[in-house]
Amino acid sequence: MTAVAALTDSPAFRRSRRAVGFWLLGVAAIILAMITVGGLTRITGSGLSITEWDPVMGAIPPLNDAQWQDAFAKYQRIPQYVHENPGMSLAAFKGIFWWEWAHRLLGRLLGVVFFVPFVWFAWSGAIRRSEWPRMVVLFALGGLQGFVGWWMVESGLETRVSVSQYRLAIHLGVALVLLVATVWTALEYLRTPEPQERAAALAKWSGVIAVLVYLQMLLGALVAGLHAGLIYNTWPSMDGRILPEDAFAQSPWWLNFFENPGTAQFDHRIGAYIVALAVFALWWRERSAGLSGYARRSGNALLHVMLFQLVLGIATLLLQAPEFLAAAHQLTAALLLCTVVWHAFELRTPSGAHSAA
């Protein structure tokens with residue numbers, strides 16, 4: 001056995017690799033928190049309360065009356081205040097300010113929690129030099145997410161009273177790519193999938209479901225950006241109809257899928273049904289295939305999280321998207337995506353794993 005092989009087979013090295021995996025899961029938890037707080041920021045109409053982007057000094061909130069008045073005066077110049085919140089009190093402004101500040105603070109915390117341990121793990125050898133580029137890509141994705149977030153906020157500072165639904169969807173989309181990449185990388189450091197017959201043939205279908213869940217969450221962002229969850233609050237029909245009224249009222253016809261609130265909600269409903277059927281079909285096939293171990297556990301978890309998300313989505317719709325349920329719906333969607341990524345990992349062949357084994 002060579003010296004390198006002996007080192008990578010040592011218990012100390014395996015423990016250090018697992019430490020990297022748990023660190024990355026912690027990073028993923030912060031991303032989940034950001035997604036949840038970001039949803040609450042949107043629901044409470046707080047996303048435009050901070051009208052400047054200062055990545056460093058912006059971490060310090062207003063500390064005295066003069067600074068609060070200055071921040072409030074800047075907010076009073078944007079269309080959201082003029083058209084939707086005229087006469088808002090300073091106390092009410094502080095209420096929305098803290099949501100947006102907390103969301104941005106989590107983004108700054110994410111950068112620190114990623115960069116500092118990475119330096120340590122890279123120096124100690126727990127992260128091999130050949131793996132540094134992947135970590136740099138993850139860090140760059142985090143930075144891109146911050147830039148896209150400000151680009152989204154900018155869309156609501158000049159003429160609109162809220163942010164663009166397109167930029168909102170892109171902002172969420174980048175966050176989800178970062179989440180998926182982080183979770184997958186963490187799993188590769190933590191363990192090697194157990195090889196099982198017929199698992200590889202099912203792995204591609206778990207990948208398809210991951211794409212479906214991702215697209216469904218982007219449709220949800222369009223619904224949120226158009227405030228489409230506040231209309232057609234009946235199920236399974238849409239106020240007694242299969243299709244919403246004036247589903248194709250806008251011209252050209254394809255624009256309705258992105259800018260017509262009723263059509264956007266209809267698309268999101270259909271997306272939910274497709275995801276549910278796909279998850280159940282995969283679970284049924286895996287049940288017949290006799291999978292075991294983590295492959296079976298992750299498949300069962302995927303089915304249960306999907307069913308919970310389906311019920312939660314219906315409840316959110318029927319109750320006209322109350323803040324708590326809407327935030328829980330978005331968090332559970334992100335957890336569903338994490339679960340399908342875990343399941344895809346367990347179904348794949350272990351030959352390309354990064355683990356010490």
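1. Buried means under 20% relative accessible area, exposed means over 50%, and partly exposed lies in between (1.4 Å probe, protein chains only). This is a predicted model: local features need pLDDT of at least 70, side-chain atom pairs count only at pLDDT 80 or more, and totals for chains, interfaces and linings use all residues. Residues are numbered from 1 along each chain as its sequence is written, and side-chain values use heavy atoms, with hydrogens and water left out.

2. Side chains of opposite charge can pair when their charged atoms come close. Here a salt bridge is a side-chain nitrogen of Lys or Arg within 4 Å of a carboxyl oxygen of Asp or Glu. The whole structure holds nine salt bridges.

3. Start with Glu346 and Arg191. Their closest N and O atoms are 2.5 Å apart, in a salt bridge. Glu346 is in helix H12 (residues 323-347) and Arg191 is in the loop between H7 and helix H8 (199-225), so the pair ties together parts 155 residues apart in sequence. Helices are DSSP runs (H or I, at least four residues), numbered from the N terminus. Both Glu346 and Arg191 are buried.

4. Salt bridges with shared partners join Arg17, Arg128 and Glu131 into one network.

5. Next, Glu188 and Arg134 form a salt bridge (2.6 Å, N to O). Glu188 lies in helix H7 (residues 165-190) and Arg134 in helix H6 (residues 132-154), so this pair ties together parts 54 residues apart in sequence. Arg134 is partly exposed, at 29%.

How values were computed:
Helix = DSSP H or I, 4+ residues; strand = E, 2+ residues; numbered from the N terminus.
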